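I opened the model today and kept notes as I went. The entries below follow the order in which I looked things up.

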Amino acid sequence: MKCEDICRLISEYLDDGLDLELRGIMREHINLCERCSALLKTMKETISFTRRMSETEKVPDAVINRVYCEIHIRYERRIKSETFAPPEASKYNKKKEKRR
Ligand SMILES: [Zn+2]
């Protein structure tokens, strides 16, 4: 299992929405992976924080999950790009332009 898989499944993991085998695999990875354990901790904090704060304006877990996945995956890519390839700055700028 990769960090990206953890990202994708982490909100279900927190909601007890996964079967025991998968949870076990995830827990194993999270225990060994510093970044994923940090991610899990941040997710937990963010979810409890937004649940407390957003009684009128609900933020779905999936949205929070997506945001953290993006951060996590980008962080990972940046590490890789530092050693293998130039940063993806031009790609990012193109995306930004498209949205407008
Ligand atoms: Zn990981």
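I looked up the largest nonpolar core first: it has 8 residues in all, namely Ile6, Cys7, Ile10, Met26, Ile30, Cys36, Leu39 and Met43. A nonpolar core here is a set of buried Ala, Val, Leu, Ile, Met, Phe, Trp, Tyr and Cys residues joined through C-beta atoms within 7 Å. Buried means that 20 or more other C-beta atoms lie within 10 Å of the residue's own, exposed means 12 or fewer, and partly exposed is in between, with C-beta atoms placed from the backbone. The elements giving two or more residues to this core are α1 (3-14), α2 (20-32) and α3 (34-53). I noted that in soluble globular proteins nonpolar side chains tend to be buried together.

The model is predicted: local features need pLDDT of at least 70, side-chain atom pairs count only at pLDDT 80 or more, and totals for chains, interfaces and linings use all residues. Residues are numbered from 1 along each chain as its sequence is written.

Next I took the whole protein chain. I found 5 helices and 0 strands, where helices (H or I, at least four residues) and strands (E, at least two) are DSSP runs numbered from the N terminus. Buried residues make up 11% of the 100 residues.

Then I checked how α1 and α2 pack. Their angle is about 120° and their axes are 11 Å apart; axes are lines fitted to C-alpha atoms, for helices over the stretch in contact, and angles run from 0 to 180 degrees between N-to-C directions. From α1, Ile6, Leu9 and Tyr13 make the contact, and from α2, Arg23, Met26, His29 and Ile30. Two residues are in contact if their C-beta atoms, placed from the backbone, lie within 7 Å.

Which residues does Tyr68 contact, leaving aside its neighbours within four places in sequence? I found Cys7, Leu39, Thr42 and Met43. Tyr68 lies in helix α4 (residues 61-84). I recorded Tyr68 as partly exposed because 18 other C-beta atoms are within 10 Å. Not counting residues up to four places away in sequence, Cys7 touches Tyr68, Cys69, His72 and Ile73.

Last, I looked at the loop between α1 and α2, where Asp16 has its place. Asp16 is not a glycine, yet has a positive phi of about 60°. Most residues other than glycine have a negative phi. I put Asp16 down as exposed because it has 7 C-beta neighbours inside 10 Å.
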